[in-house]
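Look over the model below before reading on. The paragraphs that follow take its parts one at a time.

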Amino acid sequence: MDELFGAPIESIAAVLAILFAIAMAFLVFIRLRDPILFRMAFRNARRRPGQSLLILVGLMLATAIISSAFTVGDSVSYSIKRVATESLRSLDEFVVVDEDSDLWEGRELPKGFSADSVLSLESALDADPDVDGVLPTLTEDVAVINPDSRQFESGALLAGLHPTRAESFEELFDTDGNPVDLSGLATNGAYITRDGADDLEVAVGGTLNVFFGPGAPVPITIDGIVEDSYFSGTGTDVVLMMPLGTVQGLLERPGELSSLLISNVGDATTGVELTQTVVDRYESHGEVEGQGLEIVPIKQDVLDTANEVGSLFVSFFTTFGLFSIGVGLLLIFLIFSMLAAERKTEMGMSRAIGMQRHHLVRMFTVEGSIYGVGSALVGAAIGIGLGILLVEGVSSIFDQTGQGDFTLSPHAQPISFIVSFLVGSVLTFVTVFMSARRISRLNIVQAIRDLPEAPTARSPILAVIQAVAVVVIGLLVLMAGWNGNHLTSFGLGISFTVLGAGMVARSLGASQRLTFTVVGALLVVYWLIPHTTLNALREGEWNEDFSSFFASGAMLVTGAVLVTINNSAVVLGLMTNTFGRIRRFSPVVKSAVSYPLRFGFRTGLSLAMFAIVIFSVTLMATLVDAFDNLFENQERLGGGYEVIGYARSDLNPVTDVVEAVEGNPDLDIIERVDGTPSVGTFHAIFQADARLASDTDGEFADTVVVGTDDAFLATNRFTIALTTPEYTVDGEADARAVWDALRAEPGLAVVNSNIVPSRDSLAFQQQFDRFTLEGVPDFYVQDEVMDPVAVTVRDLEVGESVDLTVIAVLDTFASSGPIPVGFYTSEETLGRDVDATQFFFNVHDDVEDGANIIESAFFQHGIETLDVIETVEGAQESQRALFNLLIGFMSLGLVVGIAALGVISARAVVERRHEIGVLRAIGFSRGMVNLSFLAESSFIALLGISLGLGLGLLSSVNLIFELREDEPNLQFALPLTKILLIVAGAYLFSLLTTFLPARQAAAVAPAEALRYE
Amino acid sequence: MSTNGEGPVVVAKDVHKTYGTGEVQVHVLKGVSLDIARGEMVAIMGPSGGGKTTLLNCLSGLDDVDSGTITIGGSDLAQMKDAEKTRFRATKMGYIFQAFNLLPVLTAQENVEMPLLISGFPEKESREKARTALDLVGLSDRSGHYPSQMSGGQQQRVTIARALVNQPEIVWADEPTGNLDSENAAEVMNLLTRLNRELNNTFVIITHSDAVAEMSHRTIRMMDGLIVDDGTGRAA
């Protein structure tokens, strides 16, 4: 993995290293300037080992989350690279026909090129000191069957290799480890890969029938089974290797090559280092550029993709871990506030005898940095372990989706560890420094006497200025959001303005309780307003992205906590009236609830920690279940078809599928309409590009155009996301009318929603260099209606252009299904006969059996089938597994909340020693003290959980209501079991963390506690 | 009264101090005025809640006054910024608290060194001065001990050493014997009077103990935020 959030990882590491060095330089400065402070910080850190351990655990979580995200990214990236290196072996680049070459404009795109046309290129490569192998090849997808076992493969790869050059390119070995010799093969003899031999159940000496066209198959004798080939990554296990000349003869393409494979000097791993040199040297070679060919750096491309996918995973997990990371930082703040509270008298005394405020800041910064660096180190290491667990989880998802060939191996790069450590250290350092500054503001007299801190006597003018500044910032953000049509910025602007207004009111003497209750309530109300209602504020819809999820969570929780903490009397009354009715528990409940509400700051932080994590987990779990239900509607994904067939080879196309079905009694299972087999057919042109008709100077970009037959247009039940007004009924798109229009009028088209701009953008979405309808004014997939869009599509296979008028966008759900991403139009629009590429069937009997029967019947045409129900279930299963993994990952933040409760309880025992003595003196039993402490933690944990749960559920109802505008089938379903499990787990662990401090509190001897104060 | 005969080192005029905001306010000092001469040992007595500690906090610059003026050695405390006041405390004043308030993570020696190091004295010099101060209070053999390893009397003596190490003009003591038994209390007071005599520092001591008051030059009695008696203690 080389990049993260678009920035090179080395640059990120360098910036972090500089920040870390600055922090360390600050520590060195303190060490030299005030060695006594340094000593005190170190000794304070060692003072209470148990508490220090708890602090370390709390602090390391943010680093662990970052490190685990890196480990997942590294593992994915490493595994792809490993597979690439293993499958491509010595192959570093290849020369093929360049479909984008101007040479082919207006001409049919050739499948290959003449071997004679690249002779000087071959000679140059042979003489090149950076190249150690050149291999001319001709490959073709073919259907193959073992006549004895009846096992077949519709899309096997037949590879013709130059016999002598293959040997020097890279030797192949049979299963016994002996080198194989292509030139020694008998006529029609072939080598087969080991996996291929297993699949087709063929042994050495066995025969396979290969279909090269509509006629009878050609028998091929297996002369050897080889361990591997240069073509392992081509998507099939079955690779047949024969001498080049033989394959040219069998395919009737004498003297033709499909590619020239190149191996750089070095092995499978190091050869790629010379790729850029080799590509630069030959991309402009006369026989490359001049003949419409290109040199593809295949291994480098795969490695680049591996890095991109790795970065994508890191971004994905880091994004979803943001709440936990934020909560981790809140914990650091809380921990240092508690430490300061504990050392208040010492700090007051230090200030009394001459320590300046900055001395306290320095001392706490040093102590915090000791914890910070230590916890970042441990956190980064634990994160790797956590990442490995996540990798195991992701692996099982790959297994479930049938991508069993791809094994995900845990891997962590040293630089990822370093970056995680640096991020953790720097974040902790900054948070510690900020909290140290807050801590150092103390009243010396009150600190020495350990009295509650009086409100800071800040200049009222300064307070007003600060409050007005917050209002101004809020208004600026609000305006930026309005002008940029960005809902999150608009909402944050409103929130800051409201908060600032509250601060202004407060600084002018308004009641704190009233002011912040109103502010908190306004925040909650605003962020719970459905976005559909906010859309009424302006024409059209707001642009939204993932940031609204985080912003709404943070603001809702802030609002709810403000209301709760500023209305402690009401909460106290509610609690004592509810639970205090049992006489025995009354004093316990009163004491358990009073203390947290008296310490508003720390209780507020703890509530926020629990609430924000439970909020995010609830929202995610509810959305996952809602989307999960969507998969139940299989008709929507498969357009009403149960089996989809794909043509893997074009050597023997199906010319008349209806005739073929009718002529094969096995295919009686296929449903008929009016006695005729109902089969929809796609005729896709994959070598195509497009641009908007209005953009006459624009570049063409790759796309796919699908000509659909009349049967498909007449029978498919794919739904439509949006269309032009004439195809709507009561404001809703009428899919049948759209398909009928395509049927009646050639030139009309429907597009896949994946190439239509969306108002919702995900930060981690991958960008592809394909044609999209960006640039069409006011055209978004979320809209209700659209204007027709004129597009020019070039059929690169014949060099003709076709004008299309897009009248509708395919349903977003169906668009992600097993169909090409591009344009769908009638077969007539294409203006020529295009081979059938995809077939849609319905069957009478079991769908899985039906899919197998159809594949078997059409295998010689190279057709593979897919069971729509099974595919949908597989996709549903993997989505569910991925999101459950994500929910688990997000729940990690709860550990922080739990650690916070532990820290608070431990502190409370020290802080309230005298009061415990008093309670014990007036009749509290040990059990009651114990219970009181446990009840106090329960109160915070349950209140935080309830706030998070309530806000999460309200937000999800809201969000699902909004999403139903686009997805009417979305249903709100409460994922009760999942939520109960998380809540119960969080609460149980909270109790466990406070169990020890509660026992310590109960063990306080009353006489001893009362003696000193 | 045994003073060096120069003008007063501490001058307070009509000092008022109120605590609390909102509905509940306590007017703690209601117009206190007094002078303390250089080298004088003054005891402030009175019932709890009478304003003794508040007066000491205000006089020593730990707390701000609401109205009135306090000058120390001619410098008006109200005119000083926080950092300036802190430096002033570090160089010109020493403090002794009832609860000792030593830093638990530092040894006796390090606790005494602290004010010097904060004032910017080199480490070696600070160490020597701290050793001398500990010697002065008779604790040179305990210099490496942590507070938790010492008795209450010993801890209070370390506090006295810390208060005196930077040769302050004034030492403020808030019930220095309050947490000690009678034997240790007498020992500490003997030490304070000896140091007052030998070093000629000004001592302002808050106390409930008549014995302590008797050992000082002058006893001020306070009640309800006002000085009700400004008499003399022991003979000079």
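Which residues in H5(B) meet which residues in H6(B)? Before the reply, a word on the source: this is a predicted model, in which local features need pLDDT of at least 70, side-chain atom pairs count only at pLDDT 80 or more, and totals for chains, interfaces and linings use all residues. Residues are numbered from 1 along each chain as its sequence is written, while chains are lettered from A and ligands numbered from 1 in the order in which they are written.

On the H5(B) side, the residues are B:Gly152, B:Gly153, B:Gln156, B:Arg157, B:Ile160 and B:Leu164, and they meet B:Asn184, B:Glu187, B:Val188, B:Leu191, B:Leu192 and B:Leu195 in H6(B). Two residues are in contact if their C-beta atoms, placed from the backbone, lie within 7 Å. The residues of this contact divide into 6 nonpolar, 4 polar and 2 charged. Here Ala, Val, Leu, Ile, Met, Phe, Trp, Tyr, Cys and Pro count as nonpolar, Asp, Glu, Lys and Arg as charged, and the others, Gly among them, as polar.

Helix H5 of chain B covers residues 152-164 and helix H6 of chain B covers residues 182-199; their axes come within 9 Å and cross at roughly 15°. H5(B) is therefore roughly parallel to H6(B), a term for angles under 35 degrees. Axes are lines fitted to C-alpha atoms, for helices over the stretch in contact, and angles run from 0 to 180 degrees between N-to-C directions. Helices (H or I, at least four residues) and strands (E, at least two) are DSSP runs, numbered from the N terminus.

Chain B also has an open sheet of 4 strands, in the order S2-S1-S4-S5, with antiparallel pairing. Two strands pair if DSSP finds at least two bridges between them. The edge strands of chain B, S2 (26-37) and S5 (75-76), each pair on one side only. Strand S4 of chain B (residues 67-72) is joined to S5(B) by 2 bridges, and B:Ile72 stands opposite B:Ser75 in S5(B).

Turn now to chain A. Its secondary structure comes to 34 helices and 29 strands. Of its 1013 residues, 48% are buried, meaning that 20 or more other C-beta atoms lie within 10 Å of the residue's own.

Where the chains meet, 21 residues of chain A are in contact with 23 residues of chain B. H2(A) gives the most to the chain A side, with 6 residues. By class, that side has 11 nonpolar, 5 polar and 5 charged residues.

Terms used. Angles under 35 degrees count as roughly parallel, over 145 as roughly antiparallel, 65 to 115 as roughly perpendicular and the rest as oblique. A residue is buried if 20 or more other C-beta atoms lie within 10 Å of its own, exposed if 12 or fewer, and partly exposed in between; C-beta atoms are placed from the backbone.
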